[in-house]
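I opened this model to look up a few contacts and metal sites. My entries follow in the order I made them.

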Amino acid sequence: MRRFDCPSCGHEVFFANTACLNCGTALVYAPGRGFLPSTDGDGFCANRAAIGCNWAAESAEGLCLSCQHTQVVPDLTVPGNAERWARLEAAKRPVIRALHHLRLPLADAQGQPAPVFKLKGDPLGAGAPKVMTGHDNGTITLNIAEADDAERAALRESLGEPYRTLTGHFRHEVAHHYWQVLAEGNPAQLDSLRAVFGDERQDYAAALEAHYRDGPPADWASHFISAYASAHPWEDFAETWAHVMHLLEGLETARAFGLVPGDLPLDLPDLAALPMARLAEVWAALSVALNAVNQAMGHETFYPFVLTPPVVAKMEAVRRLILGT
Ligand SMILES: [Zn+2]
Ligand SMILES: [Zn+2]
Ligand SMILES: [Zn+2]
């Protein structure tokens, strides 16, 4: 994330702020233009009052570039759901911002927002099927229980995951959408992805079943960014894509605060133009330091992953897919 200034007084403001803490000016963010001066609520996203969305209205319905991708919002008559929705959208906005800056398509052939998100809670009836988080043909469903810290921590524990965040979910699930949009129907692109991720035509359901039954291969950490990535080439791709986004947005933020070498570019697209080997080298140095800082503070590990050469090669393939080169 970049650093931003209040358009009224110049004091530093942060991406999620709805008002400048120095002068009180109401803030409205427009992707690509930063924070704009706003008068009398002009141009606010229609969800501003409900969930504290601080983005500018863009659609005919008065929704911002991020909110217009949400097709289903949680049942707001259920206590706590308004807060869960707000937390999910707050995690989604930086993800949409990055996709916008990287010039990835955010509309389908008919000009409709794509991908679309359905944010749903489990039905209340006993025995009713649970809402599964996942991607299906451009639609990303998220179980809103993930917005509860205790629930997410329990799942992280039971699934043996070292890192589980809402932002990570959004980055992972949009990856499945972009595989479909950028690679399917493009034989050359599919060939180069298969060369690093393997053949995705192997039975997906059977592969996932085997993963949950037998666990990952013993040497998964040499070849995959996470144990789950070893389940199927699609999951390897989605996990790897998510980490490319973690690195790009993490490095953009670190660069803005002077935590990485000053010869690194400031803007996300310029960062994405650097070879993955270079990005991974800077990221490794930064994450070793931040892991130690977090440990000193008693926090969880900042980045509990190892970028082995095969993983960096996969990340390079994702980077090239994003750039279209
Ligand atoms: Zn101000
Ligand atoms: Zn909005
Ligand atoms: Zn997935």
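I call a crossing left-handed if the near helix is turned anticlockwise from the far one by less than a right angle, and right-handed if clockwise. This is a predicted model, so local features need pLDDT of at least 70 and side-chain atom pairs count only at pLDDT 80 or more, while totals for chains, interfaces and linings use all residues. Residues are numbered from 1 along each chain as its sequence is written, chains are lettered from A and ligands numbered from 1 in the order in which they are written, and side-chain values use heavy atoms, with hydrogens and water left out.

**Helix pair.** α8 passes α10 in a left-handed crossing. On the α8 side I listed V244, H246, L247, L248, G250, L251 and A254, and on the α10 side M276, L279, A280, V282, W283 and L286; contact means heavy atoms within 4.5 Å. By class I noted 11 nonpolar, two polar and no charged residues. Here Ala, Val, Leu, Ile, Met, Phe, Trp, Tyr, Cys and Pro count as nonpolar, Asp, Glu, Lys and Arg as charged, and the others, Gly among them, as polar.

H176 sits in helix α4 (residues 166-183) and E235 in helix α8, 59 residues apart. I noted both H176 and E235 as buried; buried means under 20% relative accessible area, exposed over 50%, partly exposed in between (1.4 Å probe, protein chains only).

**Zinc ion (ligand 2).** The protein donors here are C45 (SG), C53 (SG), C64 (SG) and C67 (SG), at 2.3 to 2.4 Å. Their spacing reads C-x7-C-x10-C-x2-C. C45 lies in the loop between β4 (34-37) and α1 (48-51), and C67 in the loop between α1 and β5 (70-72), so this pair ties together parts 22 residues apart in sequence. C45 and C67 are buried.

**A227.** I placed A227 in the loop between α7 (220-223) and α8. A227 is partly exposed, at 24% relative accessible area. Leaving aside neighbours within four places in sequence, A227 is in contact with H211, P216 and W220.

Terms used: Helices (H or I, at least four residues) and strands (E, at least two) are DSSP runs, numbered from the N terminus. Donors are N, O and S atoms within 2.8 Å of the metal (3.2 Å for Na, K and Ca); water is not among the atoms, so sites may look incomplete.
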